[in-house]
Structure formats: C-alpha cells, structure tokens
Amino acid sequence: GTVSRMALDPYLPKSKPFLSLSEIAEWKPGIDPFNVSSICLRRRPEIPVDIQQLMFTEMIALYRASIEQIFILSKIGATLTYLSVNFSHYRGTIPPACWTNAAHRNGVQMLANFITEWGPGISENLLLIYGPEFDSSLPGNGDLERKDGTFSTFFADKLIDMAEYYGFDGWFFNIEATVPSSVDARNLVLFLEYMMKKLHERIPGSILIWYDSLTINGDLDWQNYLNPLNLAFFLATDGIYTNYGWSSDKPFLSAHLAKLAKRSVTASEVVEIAADSITNLKIKLGIDKPDIKDMNIAVQKAIEDLLNQKNQNIVQDVKFGRPASRDVWTGTDVYGRGTFGGGGFNCHKAFRVSEEALTSAALFGQAWAYDKIWLDCGVDFRDGEKRFWDDKSHVIGEARYGIGKEESGQPGAVDERDIGCVYDAFSYRIYPGISLNNHNDFTCNSAFYTNFDRGYGIRYYIEGKLVSSQNWTNISRQQLLPSRNMLKNWISVPIPNNCDSLITGTNYFCDLDNDISYFGGASLKISLQNLESLFSNTFEIFNLFDVRIHISEKTKLEMRYLKTESVNIGFSIALLIKIEGEDEFVENIIAFDSDNSIEGNEWFNFSWEIGKLITSDFPLKNWEVTLLRIGIATSASELLDHVFRNVDIESGSINLKSNDHLSSNISNMICRIGELKVLPWSRPSKSSGSLFSPRPLAEIRFTDPFKCMDPENEDISLLYVTVEWDDVSGYAPLEFRTILWEIYLDEEWAGSAFVTRFRVGPTKENLANVRVVGYDELGNRTSELEAFFDSTTI
C-alpha cells in the first residue's frame, strides 16, 4: 500500500532520536529542516500563585501507541497543561515538530529529553561533564581534569544549539546512571548551572528540569522528594521532577526546603560546602573513600547547617511571583507503579496532596488510557480519555478493565469511595491569544483564532471546500479547543423584556464533530432534541474560551458558521463576549447576526465590530479594556441584528447534559461553527494585491528527485521529489506571516506543510503542475505560488 511505497523513498523525512553523545557531538544545524517547528509559543496570561501546573511526559511509541495516537489522546490534557516533555529511553529525544507546533499553539512549552541509564550510561555521564575528548579508558586520562570546579561546556552548548534550531523550549535531564565519584557529581551540578544560565540567555523563557535520581555524592538513589542530597541539582536548574514513590508528608517537606533554599543559597555554594564536608570526613576517618552512607550523612548535615546560617525562610519566590515550592514537580505515575494513590483513575488523590503542599504536579504515562483501557480491554479509548481527564461521572461499560470496584485488583481501578479525575485539580484554564508585536509578551495579546481542528479527521476541507475524503493525521494542525466541561454545560438565560417565565423543553448539545469542517477536519456542532418542545423565550449560551485579549477601537470578532436546512425554524445565532475595564467594570454582551438565510447550506461569516460598539457607548478610549470570554448563543426567536448589553448570565439556569450518545438520540443539528476569530484591525483586501498576488514561478524549486519501479506493478514508475519555496510573507507584519501551506499537485490536494518544503511521493511519473497556497495565523490567505515540474529531467 501507500505506506510501504513511502518506505522506498531514501529521502523520506523522519523524526528520530540520538542514540549516543557521539551522535549529538556530530550534529549540526540544517541537516533536517523538515523537523523544525514553526509555531511560536503563545504565552498564556500568568497564572495565579495558588494554581499548580501540570507537566506530563510522553514517550515515543510508549506502550504500543504511535506518536500521532499518543498526542491526539493527550490533546485533552493540553487544556490543563503548561509544560510537556517528550520522553523516551534514547540518549537524546527531540520532540517531533508536529508535537511542538501543537503544544505552542496551546501555550504549552515542549521540552526535549536527555537520559543516561545503568552501566552504559556511566561513561556517557563522564563525556557529558568533561567533553567529547575525554576517554576514561586511557590510563591517566582525566585524572587531572576531574577536579572540583572542572567541566566542559561543549555538550551544554550543543544541546542549547538544538533547542534553538528545532524550536523547542528546553531540556529534561534524567541521569539514571551513577557517576564514578562525588567530584564528578559536583561538577555535573556546575555543568547544569552553566547550561541553565546560557539557555535562558539564548532562549528567553526556556526551561531546564532535573529528574530526582542522582545524589550530590554521585549515587543513583531516588529520593522521592526534595532534600539536601538532591538540593544542588534543584538549585542549578529551573526545577526538580520527583520520583513517584512518595508518602503523604513528602510534598510538604519538599515545599519547605524549596522555600528555605531558593534564592538564599546557590548551587555553587551547596557544591562547595558538600566538597568541604567530604574532605573533612576523609580526614576524620583517615581513609580516601568513605562509605556512601557516611558521605550522605556528612553532606546532609553540612547543607542543613548552611541553610540555618543563612536564616532566610523565604515563603514567596520572586521569580514569576509564585512560591518557590512550585519549582518542585511532584511525580505521579499513571500506571501506578508505587505511586501515591495508585495511579490510573485515582491520580486525583496524588494531585490533592501536591496542591495542598503548594508544589506543582508532574504526570507520567497518560497513554495508560490508550494502552490499558483500549488495547488490553477492548473499550474505546475515547471513553477512557473522558473518564481519566475530565468527566468522573462518565461510565465506560461493563468490559471496563475491572473498573467499578477497587478490589478488582487492577492498579488504577476506580475507588468508589473517592471518585475523581484530573480536571478536579486543574480546572483553571486561560487560553492563549496571539501577540502580534511580541510572541513572548502575553500582555500584548490582541488576536485569537481557532477552526476547531483536532489534528486528524476523516475528510479534509479548505475554505469550506472538500478536498479529500481520506483519513488523515497532521498534529501540527491541532487548534485551540474548548474543554469538554465547557462543552457539556449550557446556560439558559431569559431574553430581556420577555414576559414569559424561564422554561425550556429541549436539550441542547455542543460537541466537536468530524463530518464537516470549514478548514481542516472538524467543526463545533450544536444540536438539540425534542424539537416539538422548543420555546423561544431564552438564550441558550455556550461558554467556550476564557481569554485575556486587549480590545481597541478597531477590534473585530468573526464567526464562520453553517446553518442546516433540516431544522426549518427561525433560529438565530449569536456571539457572546465578556469584557472588563477599569473601576471593576464587567459586562456580558450578546450580538445576533443580521442574516438568517439558510438557502444553499452555505458558510456565513458574521463580523462584529466590538471595538466600535464599546467605545461608542462608554468613555473607554482611555481605558484598558480586556476580552475575558468568547462564547456562542442561540435562540429560537428571530433576533436578527439584535445586540443585548449587560446580560445577567450568572443568574441563568445551568444545564448539565451528557454528550455520550449524540448519534443515537440527536437528529436535529442546528448549526456548525467553523472558525472563531478576534482581529485587531482589518487586513488588506485581496484586491490590494501586495500580499496575495501569485508569485513568479522561479520561487518553487525541486530537489532530491527519486524514481523507482512500483513493487506491486512493474509497469508503473513511482516518483518522489521535494518541493521547496520561499516564504514571501517574511516582510509582512507579524499577523500576516505565513505559517501553513496547502500543496496541490495537478490541482489535487496533496497535503499541508508547516515548513517551506514538502516531500511529494509516491506520485505519478507525469506530474506537471505544483501549486502552494499560504495561510497566516488567523486563517487568511497570504500568498500563492505555482510552478511546472519536468519529470523528464530525472
């Protein structure tokens, strides 16, 4: 099939790990341009100091799941996550560009993983610390070099080069192999301290995280919490990810030490006092190599004495305005291997403890819902995902992994005495907007965009046109999506000045759907049941996104929607916003479209100039006005072109309805939402030409051609070639920069690209025309390139 034919291509782009430090040493920028991420990190508004962050680690092919499947499943968790690690057991694992693109669009930082393990990792640790020229197998080599305070910056600089080139946000260090001596361990701390400083200088906002495995004396000994034996590594990095085998008191001990030590001592000071304590121990015992237990006791006492001398019990860390204890990531293993609470559907038990202690939470192995619930038990993985992440009331059937009774013996089975899910501990979520001036400054967020794409689908649409009916996956296309908890709640609010009582006789449903899309593979579908009981005296409100977006006089909100012809009623669609200004000014506003036509089943674009509306009625020109929420509203009344101000949503009737069985009991689809946009100003029209005019044919180049015989039909030749082009939007304002290109071969859609190249193949030998259409961050066309390919030159 197509997959086996793709494997024939010697130039097929691949995302692959580094197997050794030797491979990392040989790496140079530019060798694999297909794997460079292109979506800048969208900064979220700063979270309150009392909100913990969730970091989850992913493993390539973890427990039989593919890269695409893992990240698709974990997309639910992206609404709750601030940091993600691409974990594997290879020496260095670079996040696939599609992972980083999807994470960045959701305001999630993506880290690469560096790991050494067991016997083979010991020599690799020495290479890491002392550089590629170090060879411990040579007699005397390194004896002079391996003194306190000595290390090489080679691999630190190389790993930073990788982060800068590939576009990810930092590194996760997992050293699970011993280092030969305490001197080497202390030098490793200094190596990390150097790397963190340089990483922050070259990539603002980047992060270096240390896994709790190695002690300051070089012993491989998981502590399960922050203590003097791993404190130096904590201070030398941006945070520590603790091992999973902790008891209920350990997060509190971690938090106390973090607050006491952070900003009162440095990693270098801890290293120096540790070295002195070992020297004094050797003199006291009269031996050159004390027992590791004696060393641990001596070092621990020396560090505790140092902290007491500083006498600074810091409760609040100045960095990010949050407690230093949040730099401790308390680990939980979803597979339940010795983890507090048992993992699985009981992870919320661990999160409660870490939140009470004011540490952050780290989650490992959330592919469990795929691996155990689906592959081992035959239950649809989507059911397991719903139950695990954000719907503790969701029932997943009788064949449910022995679930329902904890005494089933299965790790992670539901404890009916304490039912919960991840969302219980991490319900706070503000979606990132788009900063058009500075991607690193969330205070400048003035735009927003989503087309509800999940990064996979059964069909593919471009600007409302069906271009493919094949199943597809492209994780880079994942957009901002409303959380399931927001989708399953709808609010009934009385229409102002309506004398009828608040009643509704129908159930509304709002969910993502793959049948039809405006751009990509999904749309937001609103459905109802009991059409005969529909009343027209209420708004039905769906809150979708909590945001923090600056509003100016030119700000516009746009909604692309498709109304169905199957419900022949006077149904109205509206946009909902919640804004805030100075002097505690807060207002909910609902605006209905002026067009109610449903002929032709066409996509309509509702454009609402909210900046003009607000500034015309209130003296807000000198105010800082912020958009807090974006939602949609519907009504069975014909409310064309109506705008309702000061809508009291908070007093409405909140309705909680399950979306579990839409296909069986919902037949009345009202509409689909294809796009939502917040625009800071009007973009140039197509007729203005400067950005949209087709470019000269020479801007498309063809490289690395390859032709071979089809192994399934010797009469057919297969063609492979790389199409490259220039980003002609590079000179344009930031909001008009191209981030996505759609590729057409002889006018048939071939795929999407997020870099300025696309590998074609296998395709027909007589390929003639190649067309590339670019789109910006707000879903608008920016450019169109076209060229002819002469296959006879191969």
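**View 1. Packing of helix H6 against helix H7 in the predicted model.** The axes of H6 (residues 154-166) and H7 (residues 182-202) come within 9 Å and cross at roughly 30°. H6 is therefore roughly parallel to H7 (angles under 35 degrees). The residues in contact (heavy atoms within 4.5 Å) include Phe-155, Leu-159 and Ile-160 of H6 and Phe-191, Tyr-194 and Leu-199 of H7. Residues are numbered from 1 along each chain as its sequence is written. In this predicted model local features need pLDDT of at least 70 and side-chain atom pairs pLDDT 80 or more, whereas totals for chains, interfaces and linings use all residues; side-chain values use heavy atoms, without hydrogens and water.

**View 2. The salt bridge between Glu-777 and Arg-42.** The closest N and O atoms of this pair are 2.6 Å apart (a salt bridge is a side-chain nitrogen of Lys or Arg within 4 Å of a carboxyl oxygen of Asp or Glu). Glu-777 lies in the loop between strands S33 (769-776) and S34 (781-788) and Arg-42 in the loop between helix H2 (21-26) and strand S1 (54-59), so the pair ties together parts 735 residues apart in sequence. Glu-777 is buried at 9% relative accessible area, and Arg-42 is buried at 3% (buried means under 20%, exposed over 50%, partly exposed in between, with a 1.4 Å probe and protein chains only).

**View 3. The salt bridge between Lys-301 and Asp-305.** The closest N and O atoms are 3.1 Å apart. Both residues belong to helix H11 (residues 292-310), where a spacing of four residues separates them by about one helical turn. Asp-305 is partly exposed, at 31% relative accessibility.

Terms used: Axes are lines fitted to C-alpha atoms, for helices over the stretch in contact, and angles run from 0 to 180 degrees between N-to-C directions. Helices (H or I, at least four residues) and strands (E, at least two) are DSSP runs, numbered from the N terminus. Angles under 35 degrees count as roughly parallel, over 145 as roughly antiparallel, 65 to 115 as roughly perpendicular and the rest as oblique.
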